[in-house]
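Subject: Structure handover

Hello,

Here is the structure I said I would pass on. My notes on it follow below.

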Amino acid sequence: MRFGVLTGGGDCPGLNAVIRAVVRKAIEVHKADVIGFRDGWRGPIEDLSEQLTGESTRGILPRGGTILGSSRTNVYKRENGPELVRATLARHNIDGLIAIGGEDTLGAAHRLQQDGINVVGVPKTIDNDLGATDQTFGFDTALHVATEAIDRLHTTAESHNRILVIEVMGRSAGWIALHSGIAGGADVILIPEVPFDIDEVCRLIKRRHARGRYFSIVVAAEGATPREGTTMTINTGETDEFGHPRLGGIGQRLEREIESRTGYETRATVLGHVQRGGTPTAFDRVLATRLGLAAIDAAAAGQWGMMTALHATRIELVPLSEAVKEVRRVPVEEYQRYGVLFG
Ligand code: F6P
């Protein structure tokens, strides 16, 4: 048997742990070869590949990023994309692909499966917003990075009596903002799922001042938007091949709005890609390894069109169609439950 593997979309700590687990088990247990494709779907489209071995995947477990490279290439936006993928797989005698990715990569995997190309999916994203799995690897690492940053910003905010705004990733789901904000004891948390009222944000900050707390921490997801529906999130106008806008700017915008409305000195920090880089946490390494082992087993058993998923403590298979049905957002009631901790 011969299988292909690729990593698509934004990179995420834990990708190498999946690749390592897939290759080890393919060779040791299933006596199969694994061909690694470079740069997401670009790899099978343009036939950018290399055989992966125990040797070439040694030492990669704690490494962030992906040894295969990644891209946001959309197979269905490339001329003859699916046919080129099919031809590459035939050229290498590959039985099927293991695609490690988020909603876009797995969405393409699902369509390819419907078009007769064998694919097993493995869910990844720091955003933790994929349906059909309880948690994605990468999220725990991003959460640790964001929480550590909040802890560090807390002490300097207190020393200078400043309001510090921290912009974290999450364009349509606020999991990183909510969990890092709660873990870091933030005074205000703004997420895409619940449009905010800038007057309410300022009221909470002023109330803290009235109580003798002259500093505040505001955590905002990059996709947080004002309730009025006006465009406080600055959209650069650029979109990727899947049509997602490149966001950014809510932190700076909040900095200006809060300072001018309250008169308190305010500074913004944008964490950006720091959240996606570096070594995965132990939790993410273990989850990624478990998903990789299950994915190669599924491929070897011919269970195409499925995705490995975490359900409570178990790794199970779910149809790819379930995984890409909808983005998993923070339920409004869950956000509201923490309201008592704000301000
Ligand atoms: O999907 C993961 C993610 O990190 C999002 O949180 C973020 O909005 C996006 O990727 C950024 O993508 P890029 O690195 O392509 O700018």
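A residue counts as buried under 20% relative accessible area, as exposed over 50%, and as partly exposed in between. The model is a predicted one.

By that scale Glu265 is partly exposed, because its relative accessibility is 33%. Its salt-bridge partner is Arg162, with 3.3 Å between the closest N and O atoms. Arg162 sits in the loop between helix 5 and strand 6, and Glu265 in the loop between helix 8 and strand 9, so the pair ties together parts 103 residues apart in sequence. Arg162, at 15%, counts as buried.

The count of salt bridges comes to 19. Another of them joins the side chains of Arg2 and Asp33 at 3.1 Å, N to O. Arg2 belongs to strand 1 and Asp33 to strand 2, so this pair links parts 31 residues apart in sequence. In helix 7, Glu200 and Arg203 are 3 residues apart, about one turn of the helix, and their side chains meet in a salt bridge of 2.9 Å, N to O.

On helix packing: the axes of helix 5 (residues 139–160) and helix 6 (residues 175–183) come within 9 Å and cross at roughly 45 degrees. That makes helix 5 oblique to helix 6. Their crossing is right-handed. By class, the contact has 8 nonpolar, 4 polar and no charged residues.

Leu143 in helix 5 is buried, with a relative accessible area of 14%. Leu143 touches Ile176, His179 and Ser180, leaving aside residues up to four places away in sequence.

Regards

Technical notes:
Residues are numbered from 1 along each chain as its sequence is written. This is a predicted model: local features need pLDDT of at least 70, side-chain atom pairs count only at pLDDT 80 or more; totals for chains, interfaces and linings use all residues. Side-chain values use heavy atoms; hydrogens and water are left out. Axes are lines fitted to C-alpha atoms, for helices over the stretch in contact, and angles run from 0 to 180 degrees between N-to-C directions. Helices (H or I, at least four residues) and strands (E, at least two) are DSSP runs, numbered from the N terminus. Angles under 35 degrees count as roughly parallel, over 145 as roughly antiparallel, 65 to 115 as roughly perpendicular and the rest as oblique. A crossing is left-handed if the near helix is turned anticlockwise from the far one by less than a right angle, and right-handed if clockwise. Ala, Val, Leu, Ile, Met, Phe, Trp, Tyr, Cys and Pro count as nonpolar, Asp, Glu, Lys and Arg as charged, and the others, Gly among them, as polar. Buried means under 20% relative accessible area, exposed over 50%, partly exposed in between (1.4 Å probe, protein chains only). Contact means heavy atoms within 4.5 Å. A salt bridge is a side-chain nitrogen of Lys or Arg within 4 Å of a carboxyl oxygen of Asp or Glu.
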